[in-house]
Structures are given as C-alpha cells and as structure tokens.
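Subject: Structure handover

Hello,

Here is the structure I promised to pass on.

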Amino acid sequence: MDNTRRELFPGALEMMVLQTLRRGPLHGYAIAQQIRQTSDDLLTIEEGTLYPALQRLLREGWVEAEWGISSTNRKVRNYRVTPAGRKQLQRELSSFERMLAGVTRVLRPNES
Amino acid sequence: MNRLRHLFARRRIDTELAEEIRGHIEERAEELIAEGMNPDDALHAARAQFGNPTFLLEESREVWSIMAIDNLIRDLRLGARALRKSPLFTAVAVLTLALGIGANTAIFSLIDAVMLRPLPFPDANRIVMLWEVPPKRIQAASPGNDPTQNTVSPVNFLDWRARTHSFTAMSAMEPFPMGLSGYGEPRAVDGLRVSADYFRVLGVAPLLGRTFTAAEDVPNGPPVVVLSYSLWKEQFGGDRTVIGRHIQISDAPCTIIGVMPQGFDLPFRHAEVWAPIQIQPGGGDEGRYLNVIAKLKPGVTMAEAQADMNNAARQIAQLRPFLSRDWTTNVLSIYDQTTGKVRPALLVLFGAVTLVLLIAAGNVGNLLLMRGAGRQREIAVRVALGAGRARIAGQLLAESLLLSLAGSAAGVGLAYAGLRAIVASLPALALPRTEGLHVDARVLGFSLVLCMITTLLFGLAPALSFSRANPDDALKSGLRNTSRGAHRTRALLVMTEVALSMVLLVGAGLMVRSFVRQTGVERGFRTDRILTMRMFFATAGYSDNGRRARYLEDVLTRVRALPGVEAASTAHFLPMTGIVPGSCFTRADRPEPAEGFAPTADFMTVSSGYFAVMRTPFLAGRDFNDHDRFGDDAALIVNQAFARRFFPNEDPVGHQLHLCWNARHGTIVGVSANTRQTDLKVAPNPTIFLDQAQVPMYFAALVVRTAVPPMTMARGVQEAVHAVDPDQAISDVETMDDVVAESVARPRLESMLLGVFAGIALVLAVVGLYGVLAYAVTQQTREIGIRMALGADSGRLRREVLTRGLRLIVIGMAGGLALAVGPTRYVESMLYEVKPTDPLTFAAVAAALLIAGVLASWLPARRATAVDPVLSLRWE
C-alpha cells in the first residue's frame, strides 16, 4: 500500500472537495487530479476514498450530481456544490483556521 | 428523507457508483498509457492508486445506511446461519412452535367464523328472536326443555305484533318439510313458512322477482313461493324465467314469485323454499310451535324491548288465561341465538390452546437458554471485541423471530389441515356458520401477531440474560458452569409447563368422562340395525286425515313384507333430533283445574310396533294395534316418567285423559319404559304417545329394524315406499346409529380437541423436563466422573437425577392443582354428570403425569451413570 499517504483528519477530504468544486462542476477523476495538483503532490490521497466522501456530501445535500459526457468523451458524473455546501465550507474553513491557530500555538509554545 | 429514498434505490445507486469507479480507473490508466506506460502496467498502477474498490463501495453504501434496518437484516442473516448450523435444535423448536401456533390459529379461525364475523344481514345487531317463557310449574314438569326458549303460539304472535311498538317488523316462522315436484326429480326440501315481514326483518331484497306481500300472507291467500339461490341453481338450473312458473309443492300448484340471493339463510333455520305462513286469527289453534324473529326500531335497547314484550304478555295472560296464564317472554339477540350455546365451548378451547402456546413458548425458551449457555463463550468474545449489549440482544432476538416465523408458517399449514378435518367430521348444523371457515387474511394477521408475542415470550428473557453476561467471567469459566440463576429459570419454566399441562389434562379428562357418561347413559332404546328415513306426505293428495292414515299403513305393510326387515314403524320425530312438541291434558276422573293450570307433557306420534323396533320395554298394558282405528277415541301409551308423576300410586292403564291438543279424549292402554328423546343429556320428560293411525301427522320418520346391515336395505325400503306412491319425497336416509352419533358430534369434537391439546401439552412438558435434566447431567459430567472415580455408588447417582426430575414434576403438579380449580369451573356448564372436581379424573391425571415424569427422568439418569470417569475428566 501507499506508505507515503498522509492521514487526514475527519472531514478534511470533504472540505477539499467542496473547495475544489467552488470553481465549477467536475467529475470524480478530475476532482482527484485537481486536489493532487493544487497540493503539489504533497497530499497524496488514496484516490478511491474520494467516492465515499462524495456520497457523504450528497447525503448532506452539499453537492449535487448529474450524469454527463466529459471532454474525453466519457460518460461521467459531474458534481456541483450547492448553496448549502458553500455555507458549510465557510463554516468549516473558519473553524479549521481557528483550530490550526490553536495547533500551531501548541506546537510552537516558545512563541506564546 | 434522502436516506429513505436511497434505501429503496440502493441497487441502482450501487451500479452507478461501480460504473463511476470503473470510469475513474480507466481514465487514469489511459493517462498513464499516454505517458508511455504499457497498457497492462498502466491498469495495474491505476488500480493500486485507487485503492480497494469493493471496500470503498461498501463504505459508500454505509454512508446511506439506516443503522437499525441494516442491523436487523444482518441479524436475521446471522441468525439464519446460526440456526442452519444446529438443525436438530431448529427442527425441535420450529415443530414445538408450529404445534402451539397451529392450534391457536385453528381455534381462532373457528371462533372467527362462528362468533366474530357479522351475520350477512344489514343492521344484524338489531335483529332479535322472541320466545315465550313458561311459568315455573310447567318448567318443573318438563325439566328437559330449555325454559327460556319456548316456541310461540300463533295467536300470541299476532297479539305481540299488534300490542308492541319496539319493532319495525316481526315475523313468525314455521319449519315445514315439503315435497317438491312438477319440475325434475321429486325431492324433499326444507321449507319455511314465514310472515310477509320476514324479508323486511332480515332486510334482504330478492335476486329475482319479488317476495310476498302482506296481502298474500292472509288465510287462504294465493299459493306463492320464494326459492333459495341454491335450490334455484340445483333444481331449476339457474333459469331466469322461473318467475311466474307453476310448480307442485306438496302436490299443490304454487307460483314461483322470487329467488333470494346466494347465502340468504338463517344460520339456525336452514330453508330452501319460503311460503307465506297465512296464520288464521282466532283459529282455535292452541299449540305453541312458531319461531318469531323481529327487528328492533333504531335506538330501542334490548331491555326496552323486553319490557315492551312482557307488558304485551301480561295483557295476553288476562285475555287468554287458559293458554297463557303466567307466561312471560324472552328477547334474544340473533347472535346469542346463533352462537350462545357453542360460545362456552369455543372459549374453553381458546383457553386450552393459549395454554398449549404458553407451554410451547416455555419449551423453546428453555431450549434457547440451554443453547445460549453453550454459546456463552462466543457471546463473550463478541462482547470483548466491542459488540454492544443491544446488538447482541438484538441478534439473539432475531434468531427467535426466525424460529417463530418458521413455526408460524408450519403452524398455519397444520391449522389449515386440522380445520378441514374438523369440518369434515361434523354434521351440518352441529356448529353454526362453519361455511365461512377458512384461513384468510384476518386469521393470518392473528397468527402473525401471535408470532410476535410468542417471540417476545420465549426470546426476550434469554436475549437479555445472555447479553448481560460478563465477558470476563464467561471467558474464564468457559462452558463448565453456567450461572445458578439460569438453572433456576429453567427449572421454573419446566415446573410452570407441568402445571399448565396439568390444568389442560384435567380439563380434557373431565370432558372425556362427561362424554363417556353422556353416550353411556341409559337411553331406553337400541340403535343398532335400524334404518331411518324422513317422509313428508303431500298435503293435497292426502289432505284427508283418514286417507293419510291408511296410506302410512300401506307403506308399513309393504316395508314389513320385505325380506331382511324384522320390524318397521314410524315416529313423527326421531329421538335425538332435538324436537318434541308438548301440550296440556287433564285426567277425566279429576275435577277440571283452573284455566292455565292444566299439567303438560311431551307428545309423540308413533305407529304400532315402534317400541318393538326401538327395543323399548313395555312395563304394563299393550302396544297400539289394528283395533285402534281412525275416528275412535285415541289409545294412549304413557312413559314411566308420566306414570310416576301423574299416577304415583295407581295403575295408569284404563284411565281416561282429555288432551288439550286437538281437544281429543283418550284411554291409556300401556306404559313404556323411559326413553331419552330430545338429547342424550336430557332426562326423559313425562310423555304421551299417540297412534299415527288415529292422529296422522303430515310427516313421519320411518324406522326399520333389519336383519342385515341397515344401509343395504335403503334401496329396497325406498322402492317399497314408491310402490305405494311414486311421488313420495324421501330424505335423510341414515342409520339410527348415525342419528345418535350426529347428536353428540359437538361434545365429541370438543372432548377430542381438548384431548389432543392436552396430549400435545403433556408431550411438550415431558420433553421440556427431559431436556432440562439431560442438560444438567451433561453439565455435571465432570463432577459425576470425579465422584465415580472416587467410588460413588452408581445407583445413588441415578436416584439423585430421578429425584430431581420428580421434584420438578411434583412441585409443578401442586401448582397445576391450584391453577386447575379456577378454569375447570368454566367447563362445568359443558359437563354432564361429572363434577369439575371429579377425584377420579384428578387422580388419573396425576398418575399419568408422574409416569411421564419418571420416564423423562429415567433416560438422563441412566446416562449420568453411563459416564466413563476417565473420558469425563478429559471431556473439556
């Protein structure tokens, strides 16, 4: 298996998917590509885990899906973020930043 | 909501997701190929990068799952697997439950058909039967008759109708066998003469034509008839042009004016033809022979109707003291009329099957407890691995549910087969309304509810107790010792089973003894080698009494001449057919009693030789003979009960009586032994016999004593009758043995069913006892082995196991004794000459249980001492 894989905290993948979809609808493979590229391959996820995450987002009504044809002429399911999804992303980002600030403070105690 | 929708679209979404994942991998592979990798490697790499698709699919699916439902499905699947792994346990449990649930389903469908379903008439709860109730002094004279349901005099009926205001409609009914001819084969049909209002009371419109009008229901009104659906189909082939056609009913021309729809019939008064009753007001008719049915006005209560009727009865008593002094009335709902007499029996049976189900549930519960004990390690492992208590209890319950479901399915099958056998074994009217008897949605619904209740009954306790077990202890001790508490629970269950089956056995024992008493009672007549058949004499051809008397003599002469016939006679009603008319009389040598105070007796009309055919002994005087001619004063034979009551210290022979009925005079010529007439349970009433040759009736039952098996003579006797009159309609050709058997068909069925249920209960309780003891012995294999190795006496070990079994039985029986006192009181009304505390029954039941208990304990006791000490110590 992939030894270099970084463990993500719960909900992180969903946040990244929502963030990626903010720029426009994409299908599963394209989402995976995007995440890999924007993270400069620092964050390698096992690509398959994307799909349970997408199902969770569908379940909460944060994304919608629609079957269509991709640029490579393939039948694919395109995901689009919903208004509720955008709102959720805002909430998550702010709480993530607060958490990150906290973690940073703990990891660098000297600065406080 | 999203989730629910997903639950139902699960399959579609799974395939979509699979397709999406496949596309993803392909796309990645194509990209790798474009980068220069060879196709095989590319696909491999794409897959590796993706991860395990099956696992991911599973995870995606779980996103949507509703935990409870998914868990239930998983539990059921697990349960099914666990049950498949122990087929013997499963078979025993399912069979036990099938017996319990099957018995309940069968009895419930019986109760449903007979008691719960509404009668097929609109506003049936407003339909009532009206009866006269004789004063106490008359009730005392005929103790065998039901005093609350005396048939009604026609004049009183007319007064009821005129003087009450609680009813929208009231109709008299008189059953009248009829000979139907002039269309196809002549045949005897069950006719019912009714008032025009009959169809209004029942509220049913004809299928074809019309019913008769009040203008037709008057003395000497037009002869019109309405046909039942089944007669119309059978005799007239469902021909719609029968309306207006003329047929011969009892040799008189009649016009068919209507056909009633299918199923139109009173459950206790079957009829194929209805004709207007055409009562003569003030016709001097002093008999009481009508049934009366009426419909309450909306809003009128039974009590109000009863008060209204009694008020009318008081007026009538002043008007006609001779006929009606001190007589009152009884208003009875049509439901009570139909099922009142079978209700206690059905309820007792329902109680019995409930006990059977409890015992069955107890047994399965016990099996589960033992099985659970064996699985404690498995359960402990699961608890240790983090399975929640609720999940474990759930899984154990799911197993129980599966068992119940399988048991219910098998039980419904058993019930279906059993019901068919029951109905086939019964003569038509022994149990009313069984035509509506079948296993339908209602019955299945009942079984399903029962199944759920049963599951909880036997499954809940084991499920809770095992899920509560401490995994630490269970893992350490393994199989060796199960908790003392569990053992006590099992012992308690077995004792309860023994107690409940004791109740059932006592009930069944009482019923069987009562049945034996009833059928073994001194009847005063023999039934073997007697052929019977019913004849109705066409009224037009034989309207002349003298001609009718001669006709019957001609028939008897021919029948008696047949080879194989020893004797032949007639009676207007056969014994054990439930009907005997009554009337009053006075002794000629005593002063006339005040009006309405004349004593009453049962009246029977028979031909000469009747007592010889029935082998009823003569105590004094003579039989009827050729000298008792039509037109002369009547010769009378009285029975012993009559002689004892009205001639206590005299010889009745030679005394003269005035009979109220037909205002005849007669002389007593003989005294016969007592015979049971209405029913085997009913003690003989004082009875006066008249000679058919002198008082010819319109119908008679032929009784023929044969030298050969009676049914072989059936054809010959009918031919002899038809040689006198080819149009004579004959019905109900059967042996006297069968007539008597039919009269006790219901008590026989009741005691048989109770016996079967008690038998099942006994077997279940014994199996339960055996199971508990055998299990205990298995548990103690090690202990027993050590004791034997130390030189313990094997006889003593055996006795120990035996004693333990007997202790369970005896304590259970003591409980059963206490329990049995309550319910058996309800059986009292169904018992004939047996006390509900009958010591013989109790002793027999106790002995049976003890013997069964010893047998059930013997095998485990033997097994205990067959243990090889060495093996037993290695056993773990």
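Helix α4 of chain A is hardly covered: 2 of its 25 residues are buried. Buried means that 20 or more other C-beta atoms lie within 10 Å of a residue's own; exposed means 12 or fewer, partly exposed is in between, and C-beta atoms are placed from the backbone. Helices (H or I, at least four residues) and strands (E, at least two) are DSSP runs, numbered from the N terminus.

This is a predicted model: local features need pLDDT of at least 70, side-chain atom pairs count only at pLDDT 80 or more, and totals for chains, interfaces and linings use all residues. Residues are numbered from 1 along each chain as its sequence is written, while chains are lettered from A and ligands numbered from 1 in the order in which they are written.

Back to α4(A). The helix covers residues 83-107 and reaches 36 Å from its first C-alpha to its last. That is close to the 36 Å expected at 1.5 Å a residue (1.5 Å times one less than the number of residues). A:Leu107 belongs to this helix. A:Leu107 has 8 other C-beta atoms within 10 Å, so this residue is exposed. A:Pro25 is 82 residues from A:Leu107 in sequence, and the two are 37 Å apart in space, C-alpha to C-alpha.

Next, where the chains meet. Contact joins 18 residues of chain B to 17 residues of chain A (contact: C-beta atoms, placed from the backbone, within 7 Å). On chain B, the elements giving two or more residues to this side are α1 (2-8), α2 (10-34), α3 (39-50) and α4 (53-64). α2(B) gives the most, with 7 residues. By class, the chain B side has 7 nonpolar, 6 polar and 5 charged residues. Here Ala, Val, Leu, Ile, Met, Phe, Trp, Tyr, Cys and Pro count as nonpolar, Asp, Glu, Lys and Arg as charged, and the others, Gly among them, as polar.

Now the cores. A nonpolar core is a set of buried Ala, Val, Leu, Ile, Met, Phe, Trp, Tyr and Cys residues joined through C-beta atoms within 7 Å. The largest has 120 residues; B:Leu130, B:Val225, B:Val292, B:Leu636, B:Val703 and B:Val704 touch the most other members. Strand β2 (residues 167-181) of chain B gives the most to this core, with 8 residues. Domain 2 (135-326) and domain 4 (539-726) of chain B each supply at least three residues; these bounds come from an automatic or database domain assignment. A second, separate core of 103 residues includes B:Ala352, B:Leu369, B:Leu764 and B:Val801.

Two strands of chain B deserve a look. Strands pair if DSSP finds at least two bridges between them.

- β3(B), residues 187-194: 6 of its 8 residues are buried, so the strand is largely enclosed by the rest of the structure. β3(B) pairs with β2(B) in the antiparallel sense over 8 bridges, and B:Asp190 is the bridge partner of B:Pro177. In their hairpin, with 5 residues between the strands, B:Gly182 takes a positive phi near 90°. β3(B) also runs parallel to β8(B), residues 273-276, over 4 bridges.
- β14(B), residues 600-606: 6 of its 7 residues are buried, so this strand too is largely enclosed by the rest of the structure. β13(B) pairs with β14(B) in the antiparallel sense over 3 bridges, with B:Cys584 opposite B:Thr600. β19(B) runs parallel to β14(B), joined by 5 bridges.

Best wishes

Notes. Two residues are in contact if their C-beta atoms, placed from the backbone, lie within 7 Å.
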